[in-house]
Amino acid sequence: MPALVLLGHRCRLGSDDLVIPGILESTLRAIWLALIIWLFIWHEINTELCINGWHLRMYLIGVMVILGSTLILTIVLTCHSMRGTIMHTAPRRHVPLLLLLRFMFKIPEIVWNVVGTVWIATGLVDCTGETTLPILMKAVVGYCWIVMICFTLGMLVLFDPLGKPSKHSNASESDPNYFMESSSTYIQVWERRCRVLCCCLNTKDRNNSEAFRNVADVLASIFEDNNLVASDIAAALVLLRLKRKQEEQEAQVQRQNINSSISVRALQLEGRLPFQQTPPPEWMKVGSAHHFMRFALGSYGWPWFIYRRFWGGLCSLWSGLKCCACCRALPPSILSDNCCMCHTAALKAVTNLEERNLIYVSFHNSIFQVPFYVAIDDETEHVIVAIRGTLSLQDAITDMTALAAPVEAEGLPEGSQAHKGMVQAAKFVMQRLEETRAIGVAMSSRSRYGLVVTGHSLGAGTAVVLSAMLRPQYPHLKCFAFSPPGGLVSQELASATQSFVMSVIVGDDLVPRLSMNSLYDLRNKIMCVLETCQKPKHEVLTQGLLSLCCKRSPNLGQDYAVESPSQNRPLLPTPGSSYTYESLDDVRTPFGEGSDGSTTSARPTDTPLFLPGRVLYCTQRTSPEERSSEEEPHHWEAHWADPQEFSELLITPNMMRHHLPKEVLETLWDVATQPFVPS
């Protein structure tokens with residue numbers, strides 16, 4: 001629902017977000033009140049043994065009155081917060097008033113607690129003999145101070161700095177300067193948040209400051225024109241997940257048993273991949289993709305190597321470590337490794353390369369500066385440039401710098417653009433390659449070898465842009481991009497990469513579907529499903545939590561159903577609703593067009609970016625006929641897919657797991673080794 005407004009300021013919670021906190025607070029207060037009443041009745045006679053015992057009796061009676069009154073008000077507030085649905089707020093119209101009244105009850109609670117603290121500190125109340133009442137008084141005082149500190153911190157967290165600034169109080173939404181000033185305010189706040197979250201980085205560095213501004217612009221463009229709170233988004237994701245599950249069940253019922261597996265012999269002789277466009281180049285094979293994915297995985301160093309197999313990984317690394325290497329002369333070709341050269345040891349273990357095959361290795365990492373290495377692969381006769389994916393806070397900032405930036409290289413179409421963070425990273429790698437002449441050195445010793453550029457995630461996006469820059473020098477270059485970001489290259493550059501980029505996407509991977517366009521689409525779908533939901537938010541979130549913890553489908557009922565985009569009837573049958581789309585596809589807002597069809601000035605984030613090259617899509621076989629038991633692991637199959645298939649975010653439990661480099665490597669192995677089954 002829209003954010004709750006108190007005293008002219010917006011909070012980061014809605015009027016229906018007080019249910020679960022209210023239940024918890026009511027339970028704790030009821031238990032605490034019952035305990036105090038029981039101890040007071042049982043030991044009230046002992047106050048005669050105390051100096052100024054009437055002070056003690058008066059304080060405990062006052063505490064019980066305050067606790068009881070607050071408990072009743074909290075229960076009433078919780079019951080009102082349960083009313084209505086997520087977007088239907090009229091039944092909860094009294095929640096702000098009740099919440100203000102609840103805050104006013106803090107005043108006597110604070111005053112009475114200060115009085116009790118003074119009495120204890122000055123020794124005004126003192127008891128002789130065995131009685132628990134003084135101990136109870138001290139416990140009550142301590143409890144109240146803890147509650148008030150937590151309450152104050154909670155208010156600071158829930159206060160929204162973007163809620164109704166004074167400079168906008170006299171502005172009208174019809175004023176063109178209103179949205180310009182509002183947008184500027186959002187960008188400033190998000191930039192401040194980025195600097196706080198990244199306080200461990202050098203915020204005075206020029207690259208870092210530019211990155212923070214770009215990230216703030218991206219985040220502001222997504223969140224500035226909605227009035228939702230975090231719990232609204234969580235509830236919408238639960239509902240979208242339900243919609244996705246319903247679509248999967250319908251597709252499984254209608255699925256035709258058509259086997260389109262890939263014929264493979266070991267890892268070399270596959271090639272019967274179905275495709276929708278022109279046949280792909282001969283070198284775009286699953287076995288080749290699996291082989292070069294090992295080099296992309298090797299660029300991550302020891303963290304992912306240990307993650308794959310903890311104890312076995314430690315034993316495998318032990319023989320390759322060089323303890324106290326920082327005290328010896330390091331190889332000049334290996335930069336920024338740790339003291340025991342763990343990254344290099346893991347790199348050699350994953351790729352089976354010897355140190356003489358490593359031409360240049362850099363683990364230096366900063367914003368727009370990614371680790372990479374140049375190696376010689378004698379098995380396939382290629383020189384390989386492998387770029388690491390996201391593994392640090394600096395990499396995450398590079399990922400989030402999602403503005404469009406020009407890509408300049410000979411032979412590229414005019415107007416070619418790409419993800420700015422990855423363009424900057426590609427320029428950094430290009431500069432290092434030119435300074436060290438690493439590719440030239442490798443090629444001079446292997447004159448007949450080809451050149452392969454590869455990477456995963458952030459590394460994949462950087463590899464694509466770098467490949468476009470290197471193509472004039474190396475026209476036969478090949479690029480294997482594993483799980484590249486969906487918002488990577490402009491339409492012109494995406495078409496130009498068809499001949500030299502092979503993108504690999506696994507299952508429900510989030511990142512290849514992630515772009516500014518898909519985020520805008522998701523934002524509009526969130527509004528749509530929240531309007532259609534006919535149940536309170538706390539029920540939706542509870543069912544979603546049970547589904548996550550208990551691994552079972554939520555029992556949401558018909559009131560939670562989200563209509564399929566294929567059905568030609570309004571999602572909102574009620575008149576007067578603000579979101580009456582014929583289908584969820586209708587919520588996609590074209591770039592540069594307002595809701596009323598008028599043309600608006602495009603933001604830097606409004607340039608649409610797409611997946612690069614040809615896309616090999618690996619999907620799970622979920623048909624019951626293909627699995628003998630539920631315990632048998634899923635098998636994978638692959639086909640050439642249209643990049644347009646990845647224009648929509650999928651809310652599934654596997655959307656993060658399918659992005660992991662380990663999952664990509666194992667999936668490609670499974671696809672490459674499946675026997676061909678004639679259709």
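Trainee: Over residues 558–604, where does pLDDT stand, and how many contacts beyond four places in sequence does the model have there?

Mentor: This is a predicted model, and over residues 558–604 its pLDDT stays under 50. For that stretch the model has 77 contacts beyond four places in sequence. For the protein as a whole, the mean pLDDT is 75, and 67% of the residues reach 70 or more.

Trainee: What makes isoleucine 36 count as buried?

Mentor: Its relative accessible area is 0%, and buried means under 20%; isoleucine 36 is therefore buried. This residue lies in helix α1, residues 19–43.

Trainee: With which residues is isoleucine 36 in contact, leaving aside its neighbours within four places in sequence?

Mentor: The partners are Val63, Met64, Leu67, Leu136 and Val140. For valine 63, which is 27 residues away along the chain, the C-alpha atoms are separated by 8.8 Å. Contact, however, is judged on heavy atoms within 4.5 Å.

Trainee: How do you know on which side of helix α3 its buried residues lie?

Mentor: The buried residues of α3, which spans residues 95–104, are Val95, Leu98, Leu99 and Arg102. They cover an arc of only 100 degrees around the axis, so they are on the same side of α3. On the other side, Leu97 and Met104 are exposed.

Trainee: Why is the pair of phenylalanine 292 and phenylalanine 295 called tilted?

Mentor: Six aromatic pairs are counted in the model. In the pair of phenylalanine 292 and phenylalanine 295, the ring centres are 6.2 Å apart and the planes stand at 40 degrees. Rings pair if their centres lie within 6.5 Å, and planes under 30 degrees apart count as stacked, over 60 as edge-to-face and the rest as tilted. The angle of 40 degrees falls in the remaining class, so the pair is tilted.

Trainee: Why are phenylalanine 292 and phenylalanine 295 separated by about one helical turn?

Mentor: They are three residues apart in helix α9, residues 286–298, which means a separation of about one helical turn. An α-helix has 3.6 residues a turn, so residues three or four places apart point the same way. Both phenylalanine 292 and phenylalanine 295 are buried.

Trainee: What makes the pair of phenylalanine 480 and phenylalanine 482 stacked?

Mentor: Their planes are 10 degrees apart, with 6.5 Å from centre to centre. Since stacked requires planes under 30 degrees apart, the pair is stacked. Phenylalanine 480 has 1% relative accessibility and phenylalanine 482 has 0%, so each counts as buried.

Trainee: What makes cysteine 144 and cysteine 342 buried?

Mentor: Cysteine 144 has 9% relative accessibility, and cysteine 342 has 18%. Both values are under 20%, so both residues are buried. A search of the whole structure finds zero disulfides.

Conventions. Residues numbered from 1 in each chain as written. Predicted model: local features only at pLDDT ≥ 70, side-chain atom pairs only at ≥ 80, totals over all residues. Heavy atoms only, no water. Buried < 20%, exposed > 50% of the residue type's maximum accessible area, 1.4 Å probe, protein only. Helix = DSSP H or I, 4+ residues; strand = E, 2+ residues; numbered from the N terminus. Arc of directions from axis to C-beta. pLDDT = per-residue confidence, 0-100. Disulfide = S-S within 2.5 Å.
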